[in-house]
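Please look over the chain shown below. The text after it goes from the overall fold to one residue and then to a pocket.

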Amino acid sequence: MNVRNCKKCGKIFNYVSGPPICPQCKDALEEKFQEVRKYIQDNRHATIPEVSEACEVSTNQIQQWLRDERLELAEGSGITLFCENCEAPIMSGRFCEKCKSSMATRLSSSIKKPEAPKPQQKKKDTKENPKMRFLN
């Protein structure tokens, strides 16, 4: 059993996975997420500080939801995200599609794929290699 203190409220809880926050704080954070998502849908040109102030959520938390691809920006949004690799503008996540594809290709080429087993050739019964046989 893994017992931890909640990072937000300090309460002790049984930690399973994900961020180290208790179930009550996790539920409250999910409610805030839904509020932010609704606000961004209604106010497409709002900036992160505006959303933060209106929804009473930290700018870091909004950026984290964007990086985790839980939120996606609309075209012409006042919020701008950039690819961490090539600095291209993106709608959500950490990398643009081009960089994601490139990384996936490099990763798959670096992993050695198992070779198919070669079929074994049967040895021919020759005088040089006689086999013993039993008759009933």
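Helices here are DSSP runs of H or I with at least four residues, and strands are runs of E with at least two, numbered from the N terminus. The model is a predicted one. On that basis the chain has 4 helices and 4 strands, and their order along the sequence is β-β-α-α-α-β-β-α.

Of the 136 residues in the chain, 22% are buried. The accessible surface is about 11,100 Å², with 51% of this area belonging to carbon and sulfur atoms. Among contacts with a separation of 6 or more, 24% are between residues 24 or more positions apart.

Ser-52 is found in helix α2, which covers residues 48-55. Its relative accessible area is 13%. Because buried means under 20%, Ser-52 counts as buried. A polar atom of the Ser-52 side chain lies 2.4 Å from the backbone oxygen of Val-57. Beyond the neighbours within four places in sequence, Ser-52 is in contact with Val-57, Ser-58, Thr-59 and Ile-62.

The largest pocket has a volume of about 230 Å³. Two elements, α1 (23-42) and α3 (59-67), each give two or more residues to its lining. The largest share, 3 residues, comes from α1. By residue type, the lining divides into 5 nonpolar, 1 polar and 5 charged residues. The lining includes the charged residues Lys-7, Lys-8, Lys-26, Glu-30 and Arg-70.

Key
Residues numbered from 1 in each chain as written. Predicted model: local features only at pLDDT ≥ 70, side-chain atom pairs only at ≥ 80, totals over all residues. Heavy atoms only, no water. 1 Å grid on protein atoms, 1.4 Å probe; cavity = no way out; pocket = protein on both sides within 12 Å on 5 of 7 lines; lining within 4 Å. Points joined across faces, edges and corners; volume = space filled by probe spheres on them. Buried < 20%, exposed > 50% of the residue type's maximum accessible area, 1.4 Å probe, protein only. Polar contact = N/O pair within 3.5 Å; in protein donor to acceptor, adjacent residues only side chain to side chain. Contact = heavy atoms within 4.5 Å. Areas by Shrake-Rupley, 256 points an atom, 1.4 Å probe, with all protein chains shown as cover.
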